[in-house]
Amino acid sequence: MASLSLSTKFTLYPNLTFLQFQYPNRPQRITFPINKKTQIGCSSTGQPHQQQRPPKKKKKTLTDGDKGVDPVGFLSKFDISHKQFAQFLRERHKALKDLTDEILTRHMNLRDMSSGYEILGLHRHPEHREDYMEWAPGARYCALVGDFNGWSPTENCAKEGHFGHDDYGYWFIILEDKLRNGEKPDELYFQQYNYVDDYDKGDSGVTIEEVFKKANDDYWEPGEDRFLKNRLEVPAKLYEQIFGPNGPQTLEELEEIPDAETRYKAWKEQHKDDPPSNLPSYDVIDNGKEYDIYNVVLDPVSQEKFKAKKPPLPYWFETRKGRKAWLKKYRPCIPHGSKYRVYFNTPSGPLERVPAWATYVEPDADGGQAFAIHWEPPPELAYKWKNARPKVPKSLRIYECHVGISGSEPKVSSFSDFTEKVLPHVKEAGYNAIQLIGVIEHKDYFTVGYRATNLYAVSSRFGTPDDFKRLVDEAHGQGLLVFLEIVHSYSAADEMVGLGLFDGTNDCYFHTGKRGHHKHWGTRMFKYGDLDVLHFLLSNLNWWITEYQVDGFQFHSLSSMMYTHNGFASFTGDLEEYCNQYVDRDALLYLILANEILHALHPDIITIAEDATFYPGLCEPISQGGLGFDYCVNLSVSEMWSSFLENVPDHDWSMSKIVSTLMGNKNYADKMLMYAENHNQSISGGRSFAEILLGEIREGSPDKEKLLLRGCSLHKMIRLITMTIGGRAYLNFMGNEFGHPERVEFPMPSNNFSFSLANRRWDLLANEGLHRNLFTFDKDLMKLDENERILARVLPSIHHVNDNSMVIAYIRGPLLFVFNFHPTDSYEGYRIGVEEAGEYQLVLNTDERNYGGQGLLKDDQYSRTTTSQRSDGLRNSLEVPLPSRTAQVYKLSRILRI
């Protein structure tokens with residue numbers, strides 16, 4: 001059995017051996033080991049031969065391939081007993097194995113399954129041509145139309161008999177480069193060109209005949225190429241022997257032809273005195289049995305010698321010419337920047353569509369149908385990467401951004417604007433990653449990018465593919481990881497630019513009927529059980545990492561895809577709700593494959609799950625029954641804070657609810673990505689926390705200073721406790737770190753397409769005041785995490801939660817966090833228990849004046865010493881001054897041994 005021998009092995013589960021991977025940026029070496037002797041059949045006996053049956057293979061048991069795999073492992077880990085859900089996990093595990101087997105019947109391995117972008121779409125071929133491939137099983141005819149061929153639907157089409165269409169619905173079109181006037185076709189039919197370098201080995205002046213002669217001389221040993229050079233030698237001898245002048249003249253003179261055994265013995269007798277030779281041996285190894293055409297064993301020495309020979313492929317590249325020779329002889333069939341679409345003839349009539357695998361798409365200037373743009377800049381203009389990917393930190397401080405609204409001016413900002421203006425701010429603010437939303441091409445700007453139309457294209461309204469590469473490269477140069485929010489949970493229903501009715505049928509990429517439509521958002525739902533749809537989606541993930549070097553993904557709205565009700569149902573927490581008839585098992589299998597493939601091909605990749613239902617096992621290993629994500633978003637936190645700020649008086653805030661919501665399910669708290677507010681609070685018709693806290697304060701109001709102090713204090717405290725009490729990742733939306741005073745409103749018909757609120761007020765940071773103070777606090781908070789590794793530490797020990805005094809305290813590593821949420825009560829000496837006796841130094845105080853506070857604590861109050869009085873169940877305690885609506889962080893600076 002042939003198997004891949006690659007530098008980095010990967011199996012879907014730890015001990016399965018049916019799949020092996022290698023990183024795509026390293027050359028692959030494929031070997032085909034042969035474990036059995038090669039047997040060739042021929043027979044010299046008069047008896048009818050019987051073909052030997054292959055030996056029976058040992059039946060593979062479940063335990064043989066599943067060592068180390070437990071489909072219900074995480075249930076046992078957390079001591080969860082639920083028979084129905086456990087059975088669902090086992091059945092899902094079996095379905096995953098069946099799906100993988102089905103995939104491997106069509107693809108060499110799962111890397112091949114997730115690399116469709118290498119052949120689908122429009123690609124330049126070394127043999128002076130462009131190849132185009134598209135999946136459209138419902139089409140009857142396929143052609144490529146564009147300004148390069150006058151939009152003709154007949155000039156460049158898939159031709160029958162030229163691999164134009166296969167049984168799976170893939171169409172293949174070859175577009176030949178055009179000879180320039182006065183140029184002759186290449187002498188070599190398969191002449192190759194190097195489109196990057198000006199010159200290659202084929203430009204050296206060596207003729208093709210000389211290259212091939214050198215290849216033959218080096219490949220064949222003396223005498224081995226005898227019949228290669230004289231192809232007619234054997235037929236000529238046979239012809240002369242039978243029909244020549246010395247041959248038999250009548251049928252009677254034509255003797256009976258001896259059997260194979262007799263002729264072989266005669267040949268051996270004739271050549272018994274031949275001198276030793278390096279030529280392959282033609283001896284047949286005889287074990288004393290009758291000759292059987294199915295059991296002829298070749299000479300093992302000659303066989304191994306032949307196997308060791310490498311094909312003379314390097315000599316083939318001796319004929320490859322450079323870019324200058326290509327441009328001199330040919331004109332590109334599709335010049336860089338050409339507009340094109342794919343033309344289908346379908347049962348519904350002719351259609352023109354934007355190719356599904358297009359990498360650059362622009363809307364028509366007159367509001368008509370969009371078109372793809374062929375992006376193939378010359379080497380001197382193509383972007384060249386400068387910076388390596390940063391090392392993945394142990395904790396993530398993510399800055400969430402939208403490129404279009406990142407500028408101060410009322411317009412759509414570009415990738416270049418973002419690179420030059422926003423990236424330096426993110427670096428100064430102390431974050432170590434950015435998460436971009438709305439980057440993937442989408443038709444309507446006001447949808448924030450969630451109704452994606454072209455999953456392989458960056459949004460043209462922000463710039464070109466090379467502009468986005470520069471953004472990612474510059475971010476890496478500043479030590480920032482780059483994450484994309486990917487939307488594979490649904491797709492835009494648009495037919496003119498998206499995938500809706502792509503090939504004229506309703507079930508190409510999406511489900512038919514009600515299941516193919518989101519119940520509330522008007523979008524289409526992918527058909528995750530279809531291998532070609534999986535091929536498209538898995539390749540899309542790999543494409544963004546390979547082509548644009550992004551470092552991870554946040555999977556948007558998983559509940560929309562994991563349930564047939566799209567997550568719009570009441571959840572009580574009963575595990576039956578996660579395995580009933582409304583669960584889309586195909587979608588779960590896709591997520592498992594996506595995580596396993598991404599982490600195998602790119603070990604440092606980060607995947608984040610956004611699921612409002614907290615599906616069990618989101619961040620558990622796949623081998624233990626989980627879905628394999630690195631982090632999951634705690635969506636309840638922002639909802640809690642919004643509810644408190646808008647609906648609950650300050651005196652009625654529940655400290656117990658705050659802690660329980662922030663911690664969430666303790667089994668998964670370590671993998672939680674926390675945020676007080678993200679773009680949802682600012683964009684989706686809502687208000688940012690700063691707008692809620694500070695937006696209603698009127699100039700000249702008698703309570704202005706008091707309201708400003710309240711808003712500033714709560715803004716800082718909410719961020720501090722949200723970041724430090726949870727898991728290893730924290731996120732903040734662009735501008736919220738300095739209390740952006742306005743919501744985001746994209747241009748749309750309801751506001752007469754105004755850009756007045758579709759920007760960020762960076763100018764607020766230029767002057768001293770409230771917003772500069774909030775930014776200073778947020779920057780010092782990020783610096784505290786960088787220095788003390790807060791997020792990277794184990795989860796905190798929460799030992800003090802008092803709803804009456806409205807005080808929360810917890811310990812994380814050497815740090816003690818104390819919060820007083822009481823709107824009026826301050827405490828001169830509030831006792832908090834600690835485990836270690838010693839001196840504690842105040843390292844962060846939300847009430848400092850440079851943070852917009854009152855500065856009530858004096859210098860001599862910044863250092864506190866423990867007493868041996870027990871408190872909160874701990875051996876020692878501290879008395880700390882706690883002004884109202886303030887928070888403090890103490891660090892154990894010196895341990896006292898008693």
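What follows is a conversation about the terms applied to this structure and the values behind them.

Colleague: What does the model rest on, before we discuss any single residue?

Modeller: This is a predicted model, in which local features need pLDDT of at least 70 and side-chain atom pairs count only at pLDDT 80 or more, while totals for chains, interfaces and linings use all residues. Residues are numbered from 1 along each chain as its sequence is written, and side-chain values use heavy atoms, with hydrogens and water left out.

Colleague: What makes K94 and D98 a salt bridge?

Modeller: The term requires a side-chain nitrogen of Lys or Arg within 4 Å of a carboxyl oxygen of Asp or Glu. The N to O distance between the side chains of K94 and D98 is 3.1 Å, so the pair meets that limit. Both residues lie in helix α3 (residues 83-104), four residues apart, about one turn of the helix; helices here are DSSP runs of H or I with at least four residues, strands are runs of E with at least two, and both are numbered from the N terminus.

Colleague: Why is K94 called exposed, and which class does D98 fall into?

Modeller: Relative accessible area decides the class: under 20% is buried, over 50% is exposed, and anything in between is partly exposed, with a 1.4 Å probe and protein chains only. K94 has 53% relative accessibility and therefore counts as exposed, whereas D98, with 39%, is partly exposed.

Colleague: How many salt bridges does the whole structure hold, and what is the N to O distance between K443 and D494?

Modeller: A search of the whole structure finds 41 salt bridges. The side chains of K443 and D494 meet in one of them, at 2.9 Å from N to O. K443 lies in the loop between β15 (440-442) and β16 (452-459), and D494 in the loop between β17 and α14 (531-548), so this pair ties together parts that are 51 residues apart in sequence. K443 counts as partly exposed at 47% relative accessibility, while D494, at 18%, counts as buried. E269 and K272 also form a salt bridge, with their closest N and O atoms 2.7 Å apart; here E269 is partly exposed at 47% and K272 exposed at 53%. R124, E130, D177 and E376 are linked in a network of such bridges.

Colleague: What makes strand β9 largely enclosed by the rest of the structure?

Modeller: Six of the eight residues of β9 (residues 339-346) are buried, which is why the strand is described that way. As for its partners, two strands pair if DSSP finds at least two bridges between them. β9 pairs in the antiparallel sense with strand β4 (residues 141-146) over six bridges, with strand β10 (residues 349-353) over five bridges, and with strand β12 (residues 371-373) over two bridges. Y141 stands opposite N345 in β9, T346 has G349 as its bridge partner in β10, and K339 has I373 in β12. A hairpin through two residues joins β9 to β10.

Colleague: Which strands make up the closed barrel?

Modeller: The eight strands run β13-β14-β17-β18-β19-β20-β21-β22, with parallel pairing. From one strand to the next the twist averages 30 degrees, where axes are lines fitted to C-alpha atoms (for helices, over the stretch in contact) and angles between N-to-C directions run from 0 to 180 degrees.

Colleague: Why does L844 count as buried, and which residues is L844 in contact with?

Modeller: L844, in strand β27 (residues 838-845), has 3% relative accessibility and so counts as buried. Contact means heavy atoms within 4.5 Å. Leaving aside neighbours within four places in sequence, the contacts of L844 include L720, F777, L784, Y851 and A887. A887 is 43 residues from L844 in sequence, with 8.2 Å between their C-alpha atoms.

Colleague: What makes the nonpolar surface patch, and how exposed is I242?

Modeller: Patches are made of residues with over 30% relative accessible area and no salt bridge, like charges being joined within 9 Å and nonpolar side chains (Val, Leu, Ile, Met, Phe, Trp, Tyr) within 5 Å. Y239, I242 and F243 make this one, of about 360 Å², and I242 lies in helix α7 (residues 233-243). I242 has a relative accessible area of 39% and is therefore partly exposed.

Methods
Accessible areas come from the Shrake-Rupley method with a 1.4 Å probe; for residues, only the protein chains shown count as cover.
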